[in-house]
Amino acid sequence: MDKFTNSAWFMRIVAFALAALLFISINFEMESDKKSLGLSTAPEISTETIENVPVEVYYDRENLVVSGVPETVDVTLKGAKSLLINAKNQRDFKVYVDLSDPAISMGDRTVTFKISELNEKLVATIDPEYAEVNVQERVTKEFSVEAEYNSSLLEEGYTAGQPTVSPKTVKITGAKDAIEQISYVKANLEISKGLNETVNSKATVKALDRDLNKLDVTIEPSSVAVSLKVSIPSKTVSIEPQQTGKAKDGIRITSISVDPKEVTLFGSETSLEKIDEINLPVNISKIDGDTELELDLNKPESVQKMSLGKAQVKIRTEKVDVDEENAEPVVEEEEPETEQKQEEQVVEEKPEPEEEDEAAAIESKTFNDIQIVPVGIRDDQDAELESDVTSITLLGEADDLKKITKDDINLTVDVSNLDEGTHDVDLAVTVPEGVEWELDSKTVSVTITQKDEET
């Protein structure tokens, strides 16, 4: 036994065994230490899905149009967790479809999604894997734009003209077959409430097929300016004062006049045809003498609006005895004229002195710088008169002319139905009863301009 233990080979075998045990022990301790520190020689494998990754398409954009490629795809990545987290946060990879080959043919084809700039230690799966795309020749064509609006939104009595578009044409670019399907190019005017005034707005242009389906094309410009003129028919009628009630004892109403004498009504044509005047009731039961009143004008139900809401009424009176007021006028019977009296009457009438006296009583009175007032100006317009004052000459009896002042004269010009531009418009003249008037010019030049849109 001693001989065996003292041999060299025995000692070598024992040394080798001890070295092997020492190596195993050291590696076991290191592995334990790594695990206790969270370290591992083999990385932990995991998967992560990244949704809505944008898809890029490479093709000849100047000459081709490609359709059918989805805007996004979902990408599932597999690999070390640390690499997955970095890829998900950074998103520094790209998903694309390559159609850049110059020899590519037109029509339908199936293409596979590819991924680039992804860490080579990660494995990617794309959902969907491929797409059915269509490749077409790129075509640009010019089309006329037609504006449209919802006519049912027009308020009662109002009318609208044909909408105008600026610019009138647009250039549409798209696949050849899509361009050939275009049947309508519309600019729809978006209106959310009742139409009672002219509209100036922007409208988006759409290309539609014959079934009014929107086509996938590019339109330049994508929006146009649309103007829709909205107006309402008008009619100018007289204001007729209507005496109501009974005058007080001892008071006699000699005249009732209204200023202005006319009012402009706005409404449907059928409604305006039935109206020739506006009656203004004037109650005289409380009148004690000459009086001036401001009374409201009653708007007919069929009328949308009036240019005036009130009118000035002048009442002239005289005091009389009660007996004289109630007495009936006596009509004297005329005796039959003899032939001799008739001859005398003829002789007396030849000089016609009464007519000469009456003609001599007519006088004239000129008023300068009478203001001309425009009426019926729409909210979206401005009206400028070439001259807003003028002179007027009144003709009448001297006593009547003495009582008249500038305040008794009203000159207006109706601009409610005027389009943009310069127009010669008739003057409407209101003067006291019993006098005539003369103007140097019965018209005035009016320039209508459009107000700037509010921004």
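These are my notebook entries on a predicted model, with what I looked up in it.

**Entry 1, the whole chain**

I began with the overall counts, and the secondary structure of the protein comes to nine helices and 32 strands. Of the 455 residues in the protein, buried residues make up 31%.

**Entry 2, the five-stranded sheet**

I then turned to an open sheet of five strands, whose order is β6-β4-β1-β3-β7 and whose pairing is mixed. Its edge strands are β6 (114-116) and β7 (123-127), and each of these pairs on one side only. Direction ignored, neighbouring strands of this sheet are turned by 40° against each other on average.

I went through the pairings one by one. Strands β1 and β3 run antiparallel and are joined by eight bridges; here I noted Gly-79 in β3 as the bridge partner of Ser-46. Between β1 and β4 the sense is parallel, with four bridges. For that pairing I looked up several positions: Val-55 stands opposite Val-95 in β4, Glu-56 has Tyr-96 in β4 as its bridge partner, and Val-57 stands opposite Val-97 in β4. Strands β4 and β6 pair in the antiparallel sense over three bridges, and in β6 it is Ser-116 that stands opposite Lys-94.

I also checked what lies against this sheet, and found helix α3 (residues 81-90) lying across β1 and β3 (72-80), where the helix runs at about 155° to β3.

How many aromatic pairs does a search of the whole structure find? The search finds one.

Tyr-58, at a relative accessible area of 32%, is partly exposed.

**Entry 4, the four-stranded sheet**

Next I looked up an open sheet of four strands, in the order β21-β18-β20-β23 and with mixed pairing. Strands β21 (277-283) and β23 (303-306) stand at its edges with a single partner strand each, so that one side of each is left without a neighbour in the sheet. In this sheet neighbouring strands are turned on average by 40° against each other, direction ignored.

Within the sheet I followed strand β18 (residues 234-244) and strand β20 (residues 262-267), which run antiparallel and are joined by five bridges. Ser-234 stands opposite Phe-266 in β20. Phe-266 came up again when I looked for charges over rings: the charged end of Lys-305 sits over the Phe-266 ring, at 5.3 Å from the ring centre.

My last look-up was a single residue. Where does Thr-198 lie? I placed Thr-198 in the loop between β13 (184-188) and β14 (199-208). Thr-198 has a relative accessible area of 12%, and I therefore noted this residue as buried.

Which residues does Thr-198 touch, not counting residues up to four places away in sequence? I listed Leu-228, Lys-229, Val-230, Arg-378, Asp-380 and Gln-450. For Val-230 I also have a polar contact on record, in which a polar atom of the Thr-198 side chain lies 3.2 Å from the backbone nitrogen of Val-230.

Notes:
Residues are numbered from 1 along each chain as its sequence is written. This is a predicted model: local features need pLDDT of at least 70, side-chain atom pairs count only at pLDDT 80 or more; totals for chains, interfaces and linings use all residues. Side-chain values use heavy atoms; hydrogens and water are left out. Buried means under 20% relative accessible area, exposed over 50%, partly exposed in between (1.4 Å probe, protein chains only). A polar contact is a pair of N or O atoms within 3.5 Å; within protein, one must be able to donate a hydrogen and the other to accept it, and residues adjacent in sequence count only if both atoms are side-chain atoms. Contact means heavy atoms within 4.5 Å. Two strands pair if DSSP finds at least two bridges between them. Axes are lines fitted to C-alpha atoms, for helices over the stretch in contact, and angles run from 0 to 180 degrees between N-to-C directions. Rings of Phe, Tyr and Trp (its six-membered ring) pair if their centres lie within 6.5 Å; planes under 30 degrees apart count as stacked, over 60 as edge-to-face and the rest as tilted. A charge sits over a ring if NZ of Lys or CZ of Arg is within 6 Å of the ring centre and within 35 degrees of the ring normal.
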